[in-house]
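I wanted to go through one protein model slowly and write down what I looked up, entry by entry. Here are the sequence and the structure that I had open.

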Amino acid sequence: MPEAPDQAAELTARLEAGIHAIEAELEVPTSFPPDVLAAAAEAAANPTLPDLDRTDLPLVTLDPAGSRDLDQALHIERLGTGFRVFYAIADFAAVVVPDGPIDVEARKRGQTLYAPDHRVALHPETLSEGAASLLPGELRPALLWTVDLDDSGEGLRVDVVRARVRSQRQYDYEGAQAELDSGDAPEVLGLLRQVGLLRQRRERERGGVSLQLPEQEVVVTPDGWSLEYRKVRPIEEWNAQISLLTGMGAAELMLYGEEGIVRTLPPAPDWALARLRRTAAALHIQWHPDIDYPDFVRSLDPNTPRDAAMLQSCASLLRGAGYVAFDGGVPEHIEHAAIANEYAHVTAPLRRLADRYAGEIAVALCAGDELPNWVRAQLTGLPKIMQRSDGLARHYEKSVLDMVEAGLLGGRVGETFEGVIVDRDDDDKQKGRVMIREPAVEATVTGGRKLPLGDEISVRLVNADLDARQVAFELV
(Lines give C-alpha, C1' and ligand atoms only; values in the text may rest on other atoms or scores of the structure.)
Protein backbone atom coordinates (compact mmCIF):
# COMPACT_ATOMS: atom_id res chain seq x y z
CA MET A 1 0.00 0.00 0.00
CA PRO A 2 1.74 3.25 -1.14
CA GLU A 3 2.15 5.98 1.46
CA ALA A 4 1.86 9.74 1.10
CA PRO A 5 5.26 11.50 0.79
CA ASP A 6 5.02 13.02 4.27
CA GLN A 7 4.10 9.65 5.79
CA ALA A 8 6.99 7.96 3.97
CA ALA A 9 9.40 10.62 5.22
CA GLU A 10 8.15 10.22 8.77
CA LEU A 11 8.50 6.44 8.61
CA THR A 12 12.00 6.74 7.15
CA ALA A 13 13.01 8.98 10.03
CA ARG A 14 11.59 6.52 12.56
CA LEU A 15 13.35 3.57 10.94
CA GLU A 16 16.67 5.40 10.84
CA ALA A 17 16.27 6.36 14.48
CA GLY A 18 15.35 2.77 15.29
CA ILE A 19 18.56 1.47 13.74
CA HIS A 20 20.59 3.96 15.75
CA ALA A 21 18.78 2.74 18.87
CA ILE A 22 19.66 -0.88 18.04
CA GLU A 23 23.30 0.09 17.53
CA ALA A 24 23.36 1.84 20.90
CA GLU A 25 21.62 -1.10 22.59
CA LEU A 26 24.10 -3.62 21.16
CA GLU A 27 27.06 -1.29 21.72
CA VAL A 28 27.93 -1.36 18.03
CA PRO A 29 30.86 0.99 17.30
CA THR A 30 29.50 3.38 14.67
CA SER A 31 32.57 5.58 14.26
CA PHE A 32 36.34 5.11 14.29
CA PRO A 33 38.65 6.68 16.88
CA PRO A 34 40.83 9.56 15.58
CA ASP A 35 44.04 7.51 15.75
CA VAL A 36 42.47 4.80 13.55
CA LEU A 37 41.35 7.34 10.97
CA ALA A 38 44.79 8.96 11.01
CA ALA A 39 46.49 5.60 10.51
CA ALA A 40 44.13 4.81 7.64
CA ALA A 41 44.87 8.11 5.92
CA GLU A 42 48.61 7.49 6.22
CA ALA A 43 48.28 3.93 4.89
CA ALA A 44 46.18 5.12 1.95
CA ALA A 45 48.78 7.74 1.07
CA ASN A 46 51.71 5.30 1.28
CA PRO A 47 50.63 1.95 -0.19
CA THR A 48 53.08 -0.96 -0.25
CA LEU A 49 53.06 -2.77 -3.57
CA PRO A 50 54.65 -6.20 -4.08
CA ASP A 51 57.38 -6.71 -6.66
CA LEU A 52 55.45 -9.25 -8.76
CA ASP A 53 53.52 -7.40 -11.46
CA ARG A 54 50.40 -9.18 -12.74
CA THR A 55 48.65 -6.16 -14.19
CA ASP A 56 48.65 -8.13 -17.44
CA LEU A 57 45.73 -10.18 -16.14
CA PRO A 58 42.38 -8.78 -17.38
CA LEU A 59 40.69 -9.11 -13.99
CA VAL A 60 37.07 -8.14 -13.40
CA THR A 61 35.00 -7.80 -10.24
CA LEU A 62 31.46 -9.09 -9.72
CA ASP A 63 29.43 -7.71 -6.83
CA PRO A 64 26.03 -6.24 -5.93
CA ALA A 65 25.29 -2.96 -7.69
CA GLY A 66 26.89 0.05 -6.01
CA SER A 67 29.49 -1.93 -4.05
CA ARG A 68 32.73 -0.17 -3.20
CA ASP A 69 34.39 -2.64 -0.82
CA LEU A 70 35.62 -4.99 -3.55
CA ASP A 71 37.50 -7.95 -2.07
CA GLN A 72 37.79 -10.17 -5.15
CA ALA A 73 38.71 -9.85 -8.82
CA LEU A 74 38.48 -12.75 -11.26
CA HIS A 75 39.97 -14.02 -14.48
CA ILE A 76 39.50 -17.48 -16.03
CA GLU A 77 41.23 -18.93 -19.03
CA ARG A 78 41.42 -22.26 -20.79
CA LEU A 79 44.20 -24.63 -19.75
CA GLY A 80 44.25 -27.49 -22.24
CA THR A 81 40.91 -29.21 -21.77
CA GLY A 82 40.58 -27.70 -18.30
CA PHE A 83 40.70 -24.25 -16.77
CA ARG A 84 42.98 -21.91 -14.89
CA VAL A 85 41.24 -19.64 -12.38
CA PHE A 86 42.97 -16.47 -11.20
CA TYR A 87 41.35 -14.98 -8.10
CA ALA A 88 42.87 -11.78 -6.74
CA ILE A 89 41.95 -11.03 -3.12
CA ALA A 90 42.51 -7.59 -1.63
CA ASP A 91 45.72 -7.71 0.43
CA PHE A 92 44.68 -5.80 3.52
CA ALA A 93 47.74 -7.00 5.40
CA ALA A 94 49.76 -4.81 3.01
CA VAL A 95 48.12 -1.64 4.34
CA VAL A 96 47.71 -2.33 8.05
CA VAL A 97 50.47 -2.27 10.67
CA PRO A 98 50.29 -5.32 12.96
CA ASP A 99 49.08 -4.30 16.43
CA GLY A 100 48.65 -0.73 15.16
CA PRO A 101 45.43 1.28 15.65
CA ILE A 102 43.64 -0.21 12.60
CA ASP A 103 44.53 -3.77 13.58
CA VAL A 104 43.50 -3.35 17.22
CA GLU A 105 40.18 -1.77 16.23
CA ALA A 106 39.47 -4.54 13.70
CA ARG A 107 39.95 -7.19 16.39
CA LYS A 108 37.28 -5.41 18.43
CA ARG A 109 34.83 -5.43 15.52
CA GLY A 110 35.46 -8.77 13.80
CA GLN A 111 33.40 -8.07 10.67
CA THR A 112 31.36 -5.50 8.79
CA LEU A 113 27.72 -5.20 9.85
CA TYR A 114 25.03 -4.34 7.32
CA ALA A 115 21.96 -2.16 7.79
CA PRO A 116 19.58 -1.25 4.94
CA ASP A 117 20.87 2.31 4.56
CA HIS A 118 24.49 2.00 5.72
CA ARG A 119 27.17 -0.38 6.90
CA VAL A 120 29.20 -0.50 10.09
CA ALA A 121 32.56 -1.20 8.52
CA LEU A 122 35.33 -3.42 9.85
CA HIS A 123 37.91 -0.95 8.56
CA PRO A 124 37.82 2.79 7.75
CA GLU A 125 36.27 3.42 4.35
CA THR A 126 39.41 5.29 3.29
CA LEU A 127 40.89 1.81 2.94
CA SER A 128 38.00 -0.66 2.58
CA GLU A 129 36.25 1.38 -0.10
CA GLY A 130 39.36 3.19 -1.32
CA ALA A 131 43.04 2.39 -1.21
CA ALA A 132 42.67 -1.35 -0.46
CA SER A 133 39.58 -2.05 -2.58
CA LEU A 134 40.04 -3.65 -6.00
CA LEU A 135 38.34 -0.79 -7.80
CA PRO A 136 38.55 -0.78 -11.60
CA GLY A 137 41.57 0.94 -13.11
CA GLU A 138 43.44 1.17 -9.79
CA LEU A 139 46.80 -0.44 -9.01
CA ARG A 140 46.38 -2.55 -5.89
CA PRO A 141 48.27 -5.08 -3.75
CA ALA A 142 46.58 -8.48 -3.80
CA LEU A 143 46.92 -12.09 -2.83
CA LEU A 144 46.73 -13.74 -6.23
CA TRP A 145 45.33 -17.27 -6.11
CA THR A 146 45.86 -19.59 -9.07
CA VAL A 147 43.73 -22.74 -9.17
CA ASP A 148 44.04 -25.23 -12.03
CA LEU A 149 41.06 -27.45 -12.81
CA ASP A 150 40.59 -30.43 -15.10
CA ASP A 151 37.73 -30.71 -17.58
CA SER A 152 35.40 -32.00 -14.85
CA GLY A 153 36.05 -29.02 -12.57
CA GLU A 154 38.22 -31.01 -10.17
CA GLY A 155 41.10 -29.05 -8.65
CA LEU A 156 44.60 -30.03 -9.75
CA ARG A 157 46.83 -27.37 -8.21
CA VAL A 158 46.49 -24.34 -5.97
CA ASP A 159 48.96 -21.55 -5.29
CA VAL A 160 48.87 -18.04 -3.87
CA VAL A 161 51.43 -15.22 -4.09
CA ARG A 162 51.55 -11.52 -3.45
CA ALA A 163 51.18 -9.46 -6.64
CA ARG A 164 50.21 -6.03 -7.86
CA VAL A 165 47.04 -6.16 -9.97
CA ARG A 166 44.64 -3.83 -11.75
CA SER A 167 40.98 -4.72 -12.24
CA GLN A 168 39.70 -3.73 -15.67
CA ARG A 169 35.96 -3.67 -15.11
CA GLN A 170 33.40 -3.74 -12.32
CA TYR A 171 30.31 -5.85 -13.04
CA ASP A 172 27.15 -6.00 -11.00
CA TYR A 173 25.16 -9.24 -10.88
CA GLU A 174 22.16 -7.96 -12.81
CA GLY A 175 24.23 -6.51 -15.64
CA ALA A 176 26.52 -9.54 -15.93
CA GLN A 177 23.56 -11.93 -15.99
CA ALA A 178 21.86 -9.82 -18.66
CA GLU A 179 24.99 -9.96 -20.85
CA LEU A 180 25.17 -13.73 -20.49
CA ASP A 181 21.48 -14.17 -21.24
CA SER A 182 21.69 -11.98 -24.35
CA GLY A 183 24.80 -13.71 -25.67
CA ASP A 184 26.86 -10.51 -25.52
CA ALA A 185 29.02 -11.47 -22.53
CA PRO A 186 32.82 -11.47 -22.75
CA GLU A 187 34.69 -14.76 -22.60
CA VAL A 188 35.46 -14.50 -18.88
CA LEU A 189 31.76 -14.55 -17.96
CA GLY A 190 31.12 -17.49 -20.26
CA LEU A 191 33.98 -19.38 -18.64
CA LEU A 192 32.64 -18.44 -15.20
CA ARG A 193 29.36 -20.09 -16.17
CA GLN A 194 31.16 -23.23 -17.36
CA VAL A 195 33.35 -23.52 -14.28
CA GLY A 196 30.47 -22.62 -11.96
CA LEU A 197 28.26 -25.36 -13.40
CA LEU A 198 31.09 -27.89 -13.16
CA ARG A 199 31.77 -26.94 -9.55
CA GLN A 200 28.07 -27.26 -8.73
CA ARG A 201 28.21 -30.77 -10.16
CA ARG A 202 31.26 -31.53 -8.04
CA GLU A 203 29.37 -30.21 -5.01
CA ARG A 204 26.55 -32.63 -5.67
CA GLU A 205 28.97 -35.52 -6.10
CA ARG A 206 30.76 -34.91 -2.81
CA GLY A 207 27.45 -34.48 -0.92
CA GLY A 208 27.53 -30.72 -0.42
CA VAL A 209 24.38 -28.64 -0.26
CA SER A 210 23.41 -25.02 -0.88
CA LEU A 211 20.02 -23.88 0.37
CA GLN A 212 18.16 -21.52 -1.96
CA LEU A 213 15.97 -19.84 0.65
CA PRO A 214 13.68 -16.92 -0.17
CA GLU A 215 15.79 -14.00 1.06
CA GLN A 216 14.20 -10.91 2.57
CA GLU A 217 15.75 -7.67 1.33
CA VAL A 218 15.10 -4.15 2.59
CA VAL A 219 15.03 -1.78 -0.38
CA VAL A 220 15.78 1.88 0.35
CA THR A 221 14.95 4.51 -2.28
CA PRO A 222 14.28 8.26 -2.14
CA ASP A 223 10.58 7.34 -2.07
CA GLY A 224 10.89 5.28 1.10
CA TRP A 225 11.62 1.79 2.40
CA SER A 226 10.13 -1.51 1.26
CA LEU A 227 10.59 -5.26 1.75
CA GLU A 228 10.99 -7.72 -1.11
CA TYR A 229 12.03 -11.31 -1.61
CA ARG A 230 15.31 -11.27 -3.49
CA LYS A 231 15.86 -13.95 -6.09
CA VAL A 232 19.45 -15.13 -6.46
CA ARG A 233 20.65 -15.05 -10.07
CA PRO A 234 22.57 -18.02 -11.50
CA ILE A 235 25.73 -15.94 -11.94
CA GLU A 236 25.78 -15.26 -8.20
CA GLU A 237 25.80 -19.00 -7.53
CA TRP A 238 28.61 -19.56 -10.07
CA ASN A 239 30.60 -16.71 -8.55
CA ALA A 240 30.09 -18.20 -5.09
CA GLN A 241 31.54 -21.46 -6.37
CA ILE A 242 34.82 -19.68 -7.17
CA SER A 243 34.99 -18.40 -3.61
CA LEU A 244 34.24 -21.90 -2.28
CA LEU A 245 36.89 -23.37 -4.58
CA THR A 246 39.47 -20.94 -3.23
CA GLY A 247 38.45 -21.56 0.38
CA MET A 248 38.75 -25.32 -0.06
CA GLY A 249 42.17 -24.88 -1.63
CA ALA A 250 43.25 -22.71 1.28
CA ALA A 251 42.07 -25.30 3.80
CA GLU A 252 44.00 -28.01 1.95
CA LEU A 253 47.19 -25.94 2.20
CA MET A 254 46.65 -25.32 5.91
CA LEU A 255 45.93 -28.93 6.76
CA TYR A 256 49.00 -30.10 4.87
CA GLY A 257 51.11 -27.46 6.63
CA GLU A 258 49.38 -28.08 10.02
CA GLU A 259 48.86 -24.35 10.57
CA GLY A 260 45.74 -22.38 9.95
CA ILE A 261 42.16 -21.45 10.75
CA VAL A 262 39.24 -23.22 9.09
CA ARG A 263 35.49 -22.72 9.01
CA THR A 264 33.56 -25.67 10.42
CA LEU A 265 30.01 -26.99 10.60
CA PRO A 266 29.27 -30.22 12.48
CA PRO A 267 27.21 -32.95 10.78
CA ALA A 268 23.52 -32.94 11.61
CA PRO A 269 22.59 -35.39 14.40
CA ASP A 270 20.31 -38.29 13.55
CA TRP A 271 17.43 -36.84 15.58
CA ALA A 272 17.52 -33.61 13.53
CA LEU A 273 17.35 -35.54 10.25
CA ALA A 274 14.51 -37.65 11.66
CA ARG A 275 12.65 -34.46 12.56
CA LEU A 276 13.09 -33.15 9.01
CA ARG A 277 11.66 -36.37 7.61
CA ARG A 278 8.62 -35.93 9.87
CA THR A 279 8.26 -32.37 8.60
CA ALA A 280 8.38 -33.62 5.00
CA ALA A 281 5.66 -36.13 5.80
CA ALA A 282 3.53 -33.40 7.39
CA LEU A 283 3.96 -31.33 4.21
CA HIS A 284 3.06 -34.33 2.03
CA ILE A 285 6.46 -34.12 0.32
CA GLN A 286 7.87 -37.49 -0.68
CA TRP A 287 11.35 -38.18 0.73
CA HIS A 288 12.38 -41.68 -0.25
CA PRO A 289 14.46 -43.50 2.41
CA ASP A 290 17.27 -44.01 -0.12
CA ILE A 291 17.54 -40.27 -0.91
CA ASP A 292 20.06 -38.46 1.28
CA TYR A 293 19.62 -34.96 2.67
CA PRO A 294 21.64 -33.01 0.02
CA ASP A 295 19.82 -34.65 -2.90
CA PHE A 296 16.47 -34.10 -1.19
CA VAL A 297 17.23 -30.40 -0.72
CA ARG A 298 18.20 -30.06 -4.39
CA SER A 299 14.82 -31.53 -5.38
CA LEU A 300 12.94 -28.69 -3.66
CA ASP A 301 11.63 -25.63 -5.49
CA PRO A 302 11.79 -22.47 -3.34
CA ASN A 303 9.10 -20.87 -5.52
CA THR A 304 6.39 -23.30 -4.39
CA PRO A 305 4.77 -22.85 -0.96
CA ARG A 306 5.28 -26.37 0.41
CA ASP A 307 8.88 -26.60 -0.77
CA ALA A 308 9.64 -23.12 0.60
CA ALA A 309 8.33 -24.24 3.98
CA MET A 310 10.47 -27.39 3.78
CA LEU A 311 13.57 -25.37 2.93
CA GLN A 312 12.99 -23.18 5.97
CA SER A 313 13.04 -26.30 8.12
CA CYS A 314 16.14 -27.61 6.34
CA ALA A 315 18.00 -24.44 7.31
CA SER A 316 18.03 -25.67 10.91
CA LEU A 317 20.78 -28.12 9.97
CA LEU A 318 23.12 -25.28 9.00
CA ARG A 319 23.34 -23.81 12.49
CA GLY A 320 26.42 -24.23 14.63
CA ALA A 321 29.09 -23.01 12.22
CA GLY A 322 32.34 -21.88 13.81
CA TYR A 323 36.10 -21.54 13.41
CA VAL A 324 38.91 -23.83 14.50
CA ALA A 325 42.52 -22.58 14.66
CA PHE A 326 45.55 -24.86 14.86
CA ASP A 327 49.32 -24.39 15.05
CA GLY A 328 51.01 -27.77 14.90
CA GLY A 329 48.95 -30.90 14.29
CA VAL A 330 45.45 -31.07 12.83
CA PRO A 331 42.25 -31.01 14.95
CA GLU A 332 39.93 -33.98 14.67
CA HIS A 333 36.63 -32.28 13.78
CA ILE A 334 37.26 -29.71 11.05
CA GLU A 335 34.87 -30.54 8.20
CA HIS A 336 32.18 -28.15 7.01
CA ALA A 337 29.16 -30.43 6.67
CA ALA A 338 27.25 -28.23 4.20
CA ILE A 339 30.24 -27.92 1.88
CA ALA A 340 31.23 -31.57 2.53
CA ASN A 341 34.87 -30.60 2.55
CA GLU A 342 37.42 -28.76 4.64
CA TYR A 343 37.05 -25.03 4.05
CA ALA A 344 38.60 -21.71 5.09
CA HIS A 345 37.44 -18.12 4.82
CA VAL A 346 40.03 -16.27 2.74
CA THR A 347 38.12 -14.22 0.16
CA ALA A 348 36.68 -11.26 2.11
CA PRO A 349 39.48 -9.60 4.15
CA LEU A 350 37.98 -6.12 3.77
CA ARG A 351 34.84 -7.29 5.55
CA ARG A 352 35.90 -10.19 7.79
CA LEU A 353 38.88 -10.28 10.16
CA ALA A 354 39.69 -14.00 9.93
CA ASP A 355 40.28 -13.80 6.18
CA ARG A 356 43.31 -11.53 6.56
CA TYR A 357 45.00 -14.04 8.85
CA ALA A 358 44.00 -17.07 6.77
CA GLY A 359 45.30 -15.44 3.61
CA GLU A 360 48.62 -14.63 5.26
CA ILE A 361 48.97 -18.23 6.43
CA ALA A 362 48.33 -19.54 2.92
CA VAL A 363 50.93 -17.21 1.39
CA ALA A 364 53.54 -18.29 3.94
CA LEU A 365 52.80 -21.99 3.40
CA CYS A 366 53.05 -21.71 -0.39
CA ALA A 367 56.36 -19.84 -0.09
CA GLY A 368 57.75 -22.24 2.51
CA ASP A 369 58.13 -19.36 4.97
CA GLU A 370 57.50 -19.19 8.71
CA LEU A 371 54.26 -17.58 9.79
CA PRO A 372 54.68 -13.91 10.64
CA ASN A 373 54.83 -13.34 14.40
CA TRP A 374 51.73 -11.15 14.33
CA VAL A 375 49.71 -14.01 12.79
CA ARG A 376 50.94 -16.66 15.22
CA ALA A 377 50.37 -14.38 18.21
CA GLN A 378 46.66 -13.91 17.43
CA LEU A 379 45.83 -17.22 15.75
CA THR A 380 44.43 -19.20 18.67
CA GLY A 381 42.30 -16.27 19.82
CA LEU A 382 40.68 -15.67 16.44
CA PRO A 383 37.85 -18.25 16.77
CA LYS A 384 36.58 -16.53 19.92
CA ILE A 385 36.70 -13.10 18.23
CA MET A 386 34.80 -14.40 15.21
CA GLN A 387 32.25 -16.29 17.32
CA ARG A 388 31.44 -13.11 19.22
CA SER A 389 31.32 -11.13 15.98
CA ASP A 390 29.07 -13.67 14.23
CA GLY A 391 26.67 -13.59 17.16
CA LEU A 392 26.53 -9.80 17.11
CA ALA A 393 25.96 -9.76 13.34
CA ARG A 394 23.04 -12.18 13.60
CA HIS A 395 21.46 -10.25 16.47
CA TYR A 396 21.98 -6.88 14.76
CA GLU A 397 20.60 -7.91 11.38
CA LYS A 398 17.59 -9.73 12.89
CA SER A 399 16.76 -6.77 15.13
CA VAL A 400 16.91 -4.39 12.17
CA LEU A 401 14.76 -6.66 10.00
CA ASP A 402 12.18 -7.16 12.77
CA MET A 403 11.97 -3.41 13.26
CA VAL A 404 11.59 -2.67 9.54
CA GLU A 405 8.84 -5.28 9.25
CA ALA A 406 6.96 -3.71 12.14
CA GLY A 407 7.46 -0.22 10.74
CA LEU A 408 6.21 -1.06 7.26
CA LEU A 409 3.15 -2.82 8.68
CA GLY A 410 2.33 -0.03 11.15
CA GLY A 411 -1.17 1.31 10.65
CA ARG A 412 -2.31 -1.91 8.95
CA VAL A 413 -3.40 -3.85 12.05
CA GLY A 414 -6.64 -5.66 11.27
CA GLU A 415 -5.85 -6.13 7.57
CA THR A 416 -5.78 -9.58 5.98
CA PHE A 417 -2.73 -10.92 4.11
CA GLU A 418 -1.97 -14.02 2.08
CA GLY A 419 0.93 -16.20 3.21
CA VAL A 420 2.36 -19.67 3.82
CA ILE A 421 2.93 -21.41 7.15
CA VAL A 422 6.67 -22.16 7.07
CA ASP A 423 7.21 -23.44 10.61
CA ARG A 424 5.12 -24.95 13.39
CA ASP A 425 5.99 -25.30 17.06
CA ASP A 426 6.60 -28.91 18.07
CA ASP A 427 4.97 -28.45 21.49
CA ASP A 428 2.09 -26.17 20.50
CA LYS A 429 0.97 -26.77 16.92
CA GLN A 430 -1.25 -23.71 17.05
CA LYS A 431 1.86 -21.52 17.04
CA GLY A 432 4.39 -21.04 14.26
CA ARG A 433 5.71 -18.67 11.60
CA VAL A 434 4.12 -17.36 8.45
CA MET A 435 5.78 -15.99 5.30
CA ILE A 436 3.81 -13.14 3.77
CA ARG A 437 4.18 -12.48 0.05
CA GLU A 438 3.53 -8.72 0.02
CA PRO A 439 5.23 -7.09 1.77
CA ALA A 440 8.03 -9.68 2.19
CA VAL A 441 7.54 -10.43 5.89
CA GLU A 442 8.12 -13.52 8.02
CA ALA A 443 6.59 -13.36 11.50
CA THR A 444 4.86 -15.27 14.28
CA VAL A 445 1.34 -16.57 13.75
CA THR A 446 -1.20 -18.23 16.02
CA GLY A 447 -4.51 -19.93 15.37
CA GLY A 448 -7.39 -21.49 17.18
CA ARG A 449 -6.54 -24.71 15.40
CA LYS A 450 -3.51 -26.68 14.26
CA LEU A 451 -1.48 -24.60 11.83
CA PRO A 452 -1.53 -26.09 8.31
CA LEU A 453 2.21 -26.34 7.66
CA GLY A 454 3.07 -25.50 4.06
CA ASP A 455 -0.44 -24.38 3.16
CA GLU A 456 -1.33 -21.06 1.56
CA ILE A 457 -3.62 -19.34 4.01
CA SER A 458 -5.09 -15.97 4.97
CA VAL A 459 -3.88 -14.31 8.16
CA ARG A 460 -4.88 -11.14 9.99
CA LEU A 461 -2.30 -8.70 11.35
CA VAL A 462 -2.86 -8.30 15.09
CA ASN A 463 0.29 -6.46 16.15
CA ALA A 464 2.92 -4.26 14.49
CA ASP A 465 5.02 -2.44 17.08
CA LEU A 466 8.09 -0.66 15.69
CA ASP A 467 9.52 0.24 19.09
CA ALA A 468 9.16 -3.33 20.39
CA ARG A 469 10.24 -4.73 16.97
CA GLN A 470 7.32 -7.17 17.01
CA VAL A 471 4.89 -8.37 14.35
CA ALA A 472 2.18 -10.98 14.92
CA PHE A 473 -0.55 -12.55 12.82
CA GLU A 474 -3.48 -14.85 13.50
CA LEU A 475 -5.29 -17.30 11.23
CA VAL A 476 -8.45 -15.92 9.67
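**Entry 1: aromatic rings**

I noted at the start that this is a predicted model. I then searched the whole structure for aromatic pairs, and the search gave 3 of them. One of these is formed by Trp-287 and Phe-296, whose rings are stacked, with 4.0 Å from centre to centre and 0° between the planes. I looked up how accessible these two residues are: Trp-287 has a relative accessible area of 10% and Phe-296 one of 2%, and because buried means under 20%, I wrote down Trp-287 as buried and Phe-296 as buried too.

The next pair I looked up was Tyr-357 and Trp-374, with ring centres 5.2 Å apart and planes at 65°, which makes the pair edge-to-face because the angle is over 60 degrees. Which parts of the chain does this pair tie together? Tyr-357 belongs to helix 11 (residues 353–367) and Trp-374 to helix 12 (residues 373–379), so the pair links parts that are 17 residues apart in sequence. Both Tyr-357 and Trp-374 are buried.

**Entry 2: charges over rings**

I also looked for charged groups placed over rings, and found that Arg-277 lies over the face of Trp-287, at 4.1 Å from the ring centre. In another place, the charged end of Arg-109 sits over the ring of Phe-32, at 3.8 Å from the centre of that ring.

Helix 2 (residues 34–45) has 12 residues, and I found 17 Å between its first C-alpha and its last, which is close to the 16 Å expected at 1.5 Å a residue. Where do its buried residues fall when seen down the helix axis? Val-36, Ala-39, Ala-40 and Ala-43 are buried, and the buried residues of helix 2 fall within an arc of 100°, so they line one face of the helix. They pack against helix 3 (101–109) and helix 4 (125–131), whereas Pro-34, Glu-42 and Ala-45 are exposed on the other side of helix 2.

Ser-313 is part of helix 10 (residues 305–314) and counts as buried, at 8% relative accessibility. Leaving aside residues up to four places away in sequence, I found that Ser-313 touches Leu-276, Thr-279 and Val-422.

His-345 lies in the loop between strand 12 (322–327) and helix 11, and at 12% relative accessibility it counts as buried as well. Its side chain makes a polar contact of 2.7 Å with the side chain of Tyr-323. Among the other residues that His-345 touches are Arg-263, Arg-352 and Asp-355.

Is Asp-426 buried or partly exposed? Asp-426 is partly exposed, with a relative accessible area of 45%, and I found it in the loop between strand 13 (416–424) and strand 14 (431–436). A polar contact of 2.8 Å joins its side chain to that of Arg-275. I also looked up Asp-426 and Gln-387, which are 39 residues apart along the chain, and their C-alpha atoms are separated by 29 Å.

Key:
Residues are numbered from 1 along each chain as its sequence is written. This is a predicted model: local features need pLDDT of at least 70, side-chain atom pairs count only at pLDDT 80 or more; totals for chains, interfaces and linings use all residues. Side-chain values use heavy atoms; hydrogens and water are left out. Rings of Phe, Tyr and Trp (its six-membered ring) pair if their centres lie within 6.5 Å; planes under 30 degrees apart count as stacked, over 60 as edge-to-face and the rest as tilted. Buried means under 20% relative accessible area, exposed over 50%, partly exposed in between (1.4 Å probe, protein chains only). Helices (H or I, at least four residues) and strands (E, at least two) are DSSP runs, numbered from the N terminus. A charge sits over a ring if NZ of Lys or CZ of Arg is within 6 Å of the ring centre and within 35 degrees of the ring normal. The expected span of a helix is 1.5 Å times one less than its number of residues. The arc is that of the directions from the helix axis to the C-beta atoms. Contact means heavy atoms within 4.5 Å. A polar contact is a pair of N or O atoms within 3.5 Å; within protein, one must be able to donate a hydrogen and the other to accept it, and residues adjacent in sequence count only if both atoms are side-chain atoms.
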